[in-house]
Structures are given as structure tokens and as C-alpha cells.
Amino acid sequence: MAINIQLPTFDRSQARYQQDFLEDKFTSFKNTVNNPNIGFFNIINDESLVTECQEIYQQHKKRVKCFVQIGIGGSSLGPEMLTSAINNSGVQFLYINNIDPDELFEQLASITNIHETLFYFVSKSGGTAETMASFAIITNWLKDQGITQKELPSYYVFGTDPTKSDMLNLGRELGISCISVPTNVGGRFSVLTPVGFLPAIFAGQDLTSLLAGAKETRESILNNKLEENSLFLLASYLDELKSQGVNQTIFMPYSSKLRNLSFWFVQLWAESLGKKYSLDQKEVNQGLTPIPAYGATDQHSQMQLFMEGPYDKVFFMLEVENFQHDYSLENCFGTPSLVKLSHYTLAQLMKAEFQGTLTALTEAKRPFVHFKMNKNCEHNLGALILFFESLTALMGHYLNIDPFDQPGVEAGKKYAFEWLARKR
Ligand code: PA5
């Protein structure tokens, strides 16, 4: 696999690391990913989804300098993670993923030329209140600037379920191109579909490489011997830690470009694994709480708690071995703190802080897993994405819950609409 995963040494005498147990989990995992209703693992082989996006790109590429994605949850976090990790094109990206009127005002004000802008509205269900509210506002805003309803197809693209959704119907009515968010891929698992593909293409990313990385992960999950298979061993390790009260997962890349990977992971882990009922309908209130972090910045913030606070956290530490740029720290000053740095480069300082933290964590007996990618590139990102999606699906089996639904967010939505109805 493109990503190197260094797991700690386990006590292999425990049942959860033994062949029979792992084989049982492997069978359950395979049943899940071969279930036609759960598409995230196999959808990476569907070339037609890439083609759909490339066709849209060809239509708009000459004029677009600003790409605005409107969506929430899985319809925003994955794409934002991708384009903040790699933007080779210089296109400006804006993510309208909340309903804060003041933020929206600023975001719209930052669009300097509508004629160079593409608005990509994404809602798999096609009726999410936040996304539809932004649609109404942006359409009015464009109208105020002389763009008629007839002209909207030149500025708008929709991403939605290709079989049934309000957005699909609206797109057909208005003549707006609709690209597919596959019915069998849930929002938080959808970054490797047109949800993430279209912005990635506009960011100049190589989708073949992105998908090749994901395919490499898929192959290694399916073909590596179970006693060496990082996915299953890691899930068993997390299960062991959970039995010891470690139920918080810190996701910490040492890279600002990958900071949004933490936020993407947070949604994936939290919305998938936090569940009231088990598969056999018992009330269990399960979950592993994700904590977003990034290095080295969080060494001066959350790290104090992580190192010395409760023994309830495991770290996913992500190292990027090579950066695209580097700076010498050589300088002509005699100030001790500057002299100390002057023989090194900035990338070396980052590496030192990463390694230093691993050593400190070991000394403090804080559990961690070391993920290493040789560089931040499409191939490695694709590999990482499919690994964490697969880990999430697999943890569903360990926790005995359904990682693909989200009943806990429905009640809040229902009460919000009741509240609005009372205001009329
Ligand atoms: O993971 C999920 O299913 C959710 O977070 C959705 O992505 C989110 O609610 C947005 O849904 P939709 O794309 O249908 O507007």
C-alpha cells in the first residue's frame, strides 16, 4: 500500500489477534463491501463517474477561475479536504457549507467575477435545507446582477442522486447539468465520487492517480495475509484499547495542507460509529470520539491534555516525509534560539517535532499508530481515504452497530422545521 502503517507490538495471545477471529471479521467486511447497497469500496472502479466530471470540466474550463461548492456534511468536507491538500491550477475554491448569513455575505462578496465562477450544488438526497437555502439565496443574488433563470445552466452544476431527488427534478426543469452521487454511497463516504471528483479536476488533480492509490489500498485489504493486514490488526487494536477505556481517537497529520483531512475524518468516524442501538436493537450508546488536530501547531495547544490528561485517547499520527518546498534556517544572528536552529531546514524542524512527539508519547505510555506517506500527492491521498473509509466500515462490526445510517441527526431537523412552522 502507498501508506506505511506502523502498528505497535500486540499481545498476539489475545483472541482478537488470532486467525479465526480475524477471518471472521474479514468475512463480515467482505459481506459489507459486496452488499450492493454499500458502494464506497467498489465504486472506485466505475470509470463513468470520472467521465461525467471530465465532460463538465471541458465545458467550463476556459472560463472558470472560481469554483464554489455548496453542500454540507459529506457533500463538503471531502471536497474541501481534497482541494486544500492539492491545488495545482490556481482556481479559487469557496465552500458554502453553513447557513451563517454573515459568512455567506463575505463569501459572496469575495466572488469578484461571476462570469468566471462555477457554482456546484451538491446534495445526495437533493433536499437538504441548508443547501437548498443557499441555492435560493445565490439564485436571487445572481438575478440581482442581471443573470436570468434561463442563463443559470451556464453557471450551475448539480451533484445529486441520479434516480430520485428534488434537486434532480429541479435540474431537469431548469436545464442544469446533473452529475451522479451514486445511490449506494453515503454522504460521508462519497469523496471518491463526483462529489469530490469535480472540484479535484478543477484543482488540476490527477484523478487516475487518486483512484490508483485507492485501488492499491483495496487490493492490499483484500489480499494481504490477515496476520499482516494493517486494517484488521488496527481494528483489533482499537477494540483492545476500547476495552481499556480508550474511546477517543486523535487524528493528527503533521501538515497544514492536510489539516482538513482531520475534519473529514471527524465526520466519518463520529457520524458512522456513534450509535444508540446495536445491530440487534439493544440500547448501547456506542462510539469512538474523534478529535481533530494537526502538527506542529497543536503541540502548543491540545498536546498538553493529550500527553498528561485522562488515559482515554489513541493517536493516529500522520507523517509526510517530503514537502514540496523547504527553507533554510541559516541566519546571521547571535540570539541563542536562532543559533540553535541555523544548521537545519524547516522540513527538518517539522520532522524533529514529529519524532520528538512519538518519543514523548511512548515515554508517557500513550497509544499511537504511525502513518507515513512519502509526500502529499493524489496517489497517497486516494490510498489514505479508502483506508479510513474501510476502517470505519470495519469498526462497525467490532462495535456491532450500523455505520451507514445517521438516525441521531433526524430529531434536530424535525424540531427545527416545527419551530419554523410556529413562526409563520
Ligand atoms: O454522511 C451523510 O450522509 C451526511 O453527513 C450528509 O452528507 C449530509 O447530511 C448532507 O446530505 P445531502 O448530501 O443529502 O445534502
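**Exercise 1. Find how the ligand's oxygen atoms meet the protein.**

Start at Ser 125: an N or O atom in its side chain sits 2.6 Å from an oxygen atom of the ligand, a polar contact (here, a pair of N or O atoms within 3.5 Å). The model is a predicted one, where local features need pLDDT of at least 70, side-chain atom pairs count only at pLDDT 80 or more, and totals for chains, interfaces and linings use all residues. Residues are numbered from 1 along each chain as its sequence is written, and side-chain values use heavy atoms, with hydrogens and water left out.

Next, go to Glu 271, where a side-chain N or O atom is 3.0 Å from a ligand oxygen. Then try the backbone: an N or O atom of Gly 74 lies 2.9 Å from an oxygen atom of the ligand.

**Exercise 2. Describe the shell around the ligand.**

First, count: 13 residues surround the ligand, each with a heavy atom within 4 Å of it. Ser 75, Ser 123, Ser 125, Thr 128 and Gln 267 are the closest.

Second, sort them: one is nonpolar, nine are polar and three are charged. Gly counts as polar in this sorting, and Asp, Glu, Lys and Arg as charged.

**Exercise 3. Work out where the ligand lies relative to the domains.**

Take domain 1 (4–34 + 213–408) and domain 2 (43–205): both give residues to the ligand's shell, so the ligand lies between them. The domain bounds come from an automatic or database domain assignment.

Note on methods. A residue is near a molecule or strand if one of its heavy atoms lies within 4 Å of it. A polar contact is a pair of N or O atoms within 3.5 Å; within protein, one must be able to donate a hydrogen and the other to accept it, and residues adjacent in sequence count only if both atoms are side-chain atoms.
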